[in-house]
Amino acid sequence: MNRRQLLGATAAALAAPLARPALAQANWPSQPIRMVVPFAAGGPTDIPARLFAEELGRVLPQRIVVENRTGAGVVVGTDVVAKANDNHTFLYTTVAHASLRALFPRLPFDPVADFVPVALVGVIPMLITVGKDVRATNLRELQAALKADPGGMTYASSGNGGALHLATELMLRSMEARALHVPYRGTAAAMPDVLNGTIPIIVDVSTSALPYAQRGETRALAVMDNTRLPQLPDVPTTAEAGFPGLEAYTWHMVMAPRNTPAQVVQTVNRAFMQVAAQASVQQRLSDLAMRLVTDSTPDSAAAWLREETAKWTGLIQEANIRIN
């Protein structure tokens with residue numbers, strides 16, 4: 001699958017005026033549309049979801065109600081959507097969905113069979129950073145330091161089995177190196193130990209990692225993407241740093257319960273793509289280091305999800321990662 005094509009924005013889409021998509025059915029939507037976010041209100045997933053909800057209300061004839069349903073990672077909120085049968089309930093989720101099968105063998109739903117991908121909304125790359133006192137100034141130097149002390153260096157994550165943990169393990173396998181994992185209850189809890197030098201390495205979502213790197217409190221070594229971040233133009237991609245194919249993101253995707261009519265799925269897809277093409281929305285979310293997708297289809301979103309699920313399932317099994 002060509003990610004450049006998938007993620008590329010089109011100038012024509014930006015220039016096109018917004019138009020209400022043709023309604024899927026004569027009576028749809030017949031009530032407010034519920035968008036379940038399986039993360040806490042005010043967080044990095046909730047903020048884009050609410051921005052989209054606000055703008056979608058101008059495109060669709062019913063308002064979009066964001067409902068935060070947390071618990072057991074993303075399991076509780078995802079289960080709510082899996083069991084919905086009103087054709088007006090959707091899931092706004094992240095890369096966490098791709099690792100559910102591998103991490104939770106006894107789920108109350110099937111992350112693949114019980115959902116239909118609607119649209120890949122945006123992608124936020126991970127940023128490989130080290131404490132400012134760590135001598136490594138690039139990925140090759142970090143690799144050498146890790147190999148010189150096998151399993152002796154530590155890295156922080158936001159929790160066992162989370163996106164940061166998986167991205168770091170992917171990096172270590174690419175480097176053929178080992179390090180000791182120190183899980184915390186979220187990035188905010190981990191950062192004080194990174195800043196004071198207790199933990200030398202943290203791979204974090206760019207949204208969270210950027211402010212520390214921009215202030216010089218951490219050193220950014222590489223972006224886990226094929227495109228540099230505009231906010232850190234001097235920081236190379238992982239391919240430029242000598243590790244082609246080492247890419248990791250958190251991404252945002254809209255999904256629907258499996259029995260949602262195809263016409264409804266197509267209508268919601270078009271509405272999301274119209275909003276994603278707005279220059280004002282792109283600018284607001286670029287501040288969160290999110291690169292919006294303006295040409296996603298249900299089929300391309302499904303292909304992306306299959307690829308990401310295979311990638312992270314393989315890593316979880318290979319590294320024997322378990323949720324405690």
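Which helices and strands each supply at least two residues of the lining of the largest pocket? The legends below, which describe a predicted model, begin with that view.

View 1. At least two lining residues each are supplied by helix H5 (100-103), strand E4 (115-131), helix H7, strand E7 (201-205), helix H9 (206-214) and strand E9 (249-257). Sorted by class, the lining of the largest pocket comprises 22 nonpolar, 18 polar and two charged residues.

**View 2. The packing of helix H6 against helix H7.** Helix H6 (residues 139-148) and helix H7 (residues 163-175) have axes 10 Å apart and pack at an angle of about 85 degrees; the two helices are therefore roughly perpendicular to each other. On the H6 side the contact involves Leu139, Leu142, Gln143, Leu146 and Lys147, which meet Met171, Leu172 and Met175 of H7. In this contact of H6 with H7, six residues are nonpolar, one is polar and one is charged.

**View 3. The crossing of helix H7 and helix H12.** The axes of H7 and helix H12 (residues 298-319) cross at roughly 75 degrees and come within 11 Å, which makes H7 roughly perpendicular to H12. Helix H7 contributes Leu166, Ala167, Glu169, Leu170 and Arg173 to the contact, while H12 contributes Lys311, Trp312, Leu315, Ile316, Glu318 and Ala319. By class, the contact of H7 with H12 holds seven nonpolar and four charged residues, with no polar ones.

**View 4. The largest cavity and the residues around it.** Three cavities of 30 Å³ or more are found in a search of the whole structure, and the space in the largest cavity is about 70 Å³. The largest cavity is lined by Ile33, Arg34, Met35, Leu56, Leu60, Ile64, Phe90, Val254, Val268 and Phe272. Strand E1 (33-37) and helix H10 (262-276) each supply at least two residues of this lining, and E1 gives the most, with three residues. The lining of the largest cavity divides by class into nine nonpolar residues and one charged residue, with no polar residue.

**View 5. The salt bridge between Asp46 and Arg50.** A search of the whole structure finds 14 salt bridges. Asp46 forms a salt bridge with Arg50, in which the closest N and O atoms are 2.9 Å apart. Because Asp46 and Arg50 are four residues apart in helix H3 (residues 46-59), about one helical turn separates them.

Note on methods. Residues numbered from 1 in each chain as written. Predicted model: local features only at pLDDT ≥ 70, side-chain atom pairs only at ≥ 80, totals over all residues. Heavy atoms only, no water. Axes fitted to C-alpha atoms, helices over the stretch in contact; angles between N-to-C directions. Parallel < 35°, antiparallel > 145°, perpendicular 65-115°, else oblique. Contact = heavy atoms within 4.5 Å. Nonpolar A, V, L, I, M, F, W, Y, C, P; charged D, E, K, R; others polar. Salt bridge = Lys/Arg side-chain N within 4 Å of Asp/Glu carboxyl O. 1 Å grid on protein atoms, 1.4 Å probe; cavity = no way out; pocket = protein on both sides within 12 Å on 5 of 7 lines; lining within 4 Å. Points joined across faces, edges and corners; volume = space filled by probe spheres on them.
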